Amino acid sequence: MVNRHLTEEQRNIIKESVTNILKALGDDPEREGLKDTPERVAGMYDEVFEGMRYTNEEIAALFDKCFEKSGSSDIVIVKDIDVFSYCEHHIALMYNMKVTVAYIPKGRVIGLSKICRIADMVCKRLQLQERITADIADILEMILKTEDIMVAVEGEHGCMTSRGIKKPGAKTQTYVSRGVFKKDPGLRKEVLG
Ligand SMILES: [Zn+2]
């Protein structure tokens with residue numbers, strides 16, 4: 001897999017910006033505890049925003065490892081994949097996040113580890129929970145070549161639990177249902193239950 005990183009120029013812009021934030025907060029960017037902070041933040045952003053350097057089509061191509069499956073097409077459900085992301089409104093952590101994916105195979109089954117990698121990569125962007133849910137569904141649809149897909153995401157948002165209205169434990173739930181999942185409430189219940 002190609003490993004895309006931030007360029008030297010991009011890292012320098014992040015470092016300079018973090019230094020300016022520290023100054024604006026009235027702190028001294030030269031003091032012991034802070035002097036490597038801009039460098040560390042640039043390194044962290046390189047990692048946690050890796051998914052911003054790939055399109056959904058590229059992510060689909062990277063993890064398109066399916067095996068053929070003939071015969072009856074029973075529902076496949078993968079529950080509670082742990083992910084982290086950052087909200088685009090506050091660059092705040094979204095945590096305690098669980099992704100559940102369900103689909104009805106149309107001759108193709110994707111490996112569990114690939115579903116986890118797709119969810120991970122989509123979350124490594126400045127995100128909205130609604131868009132995480134839709135991005136995962138879009139990528140799976142490209143790989144599995146079926147519309148019969150459902151994705152559910154739940155999570156806590158640092159910008160809601162640690163500031164503002166401060167409601168720790170308040171979970172946001174989002175889901176996308178397509179094909180048979182859209183038509184059949186019983187099937188949706190099976191996935192969410
Ligand atoms: Zn936010």
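This is a predicted model: local features need pLDDT of at least 70, side-chain atom pairs count only at pLDDT 80 or more; totals for chains, interfaces and linings use all residues.
**Close-up views of packed helices and pockets**

View 1. The axes are lines fitted to C-alpha atoms over the stretch in contact, with angles from 0 to 180 degrees between N-to-C directions. On the side of helix 4 the contact (heavy atoms within 4.5 Å) is made by I115, I118, A119, V122 and C123, while helix 5 contributes I132, D135, I136, I139, L140 and I143. These contact residues divide into 10 nonpolar, no polar and one charged, where Ala, Val, Leu, Ile, Met, Phe, Trp, Tyr, Cys and Pro count as nonpolar, Asp, Glu, Lys and Arg as charged, and the others as polar.

**View 2. Helix 1 packs against helix 2****.** The angle between helix 1 and helix 2 is about 130°, and their axes are 8 Å apart, so that this pair, too, is oblique. From helix 1, the residues R11, I14, K15, V18, T19 and L22 meet T37, P38, E39, V41, A42, G43, Y45 and D46 of helix 2. The contact between helix 1 and helix 2 is made up of seven nonpolar, three polar and four charged residues.

**View 3. The second largest pocket has lining residues in helix 1 and helix 2****.** About 170 Å³ of space lies in this pocket, which is lined by I14, S17, V18, I21, L22, T37, V41, Y45 and I91. Helix 1 (8-24) and helix 2 (37-48) each supply at least two of the lining residues, and the largest share, five residues, comes from helix 1. Seven lining residues are nonpolar and two are polar, with no charged residue in the second largest pocket.

**View 4. The largest pocket holds about 200 Å³ of space****.** Of its 13 lining residues, T100, A152, E154, Q173 and L192 are the closest to the centre. Strand 2 (76-87), strand 3 (93-103), strand 6 (149-157), strand 7 (172-177) and helix 8 (185-192) each supply at least two residues of this lining, which divides into five nonpolar, four polar and four charged residues.

**Notes.** A pocket is an open set of points on a 1 Å grid over the protein atoms alone where a 1.4 Å probe fits, with protein on both sides within 12 Å along at least five of seven lines, and lining residues have an atom within 4 Å of a point; points are joined across faces, edges and corners, and a volume is the space filled by probe spheres set on them. Helices (H or I, at least four residues) and strands (E, at least two) are DSSP runs numbered from the N terminus. Residues are numbered from 1 along each chain as its sequence is written, and side-chain values use heavy atoms, without hydrogens and water. Local features need pLDDT of at least 70 and side-chain atom pairs count only at pLDDT 80 or more, whereas totals for chains, interfaces and linings use all residues.

Technical notes: Angles under 35 degrees count as roughly parallel, over 145 as roughly antiparallel, 65 to 115 as roughly perpendicular and the rest as oblique.
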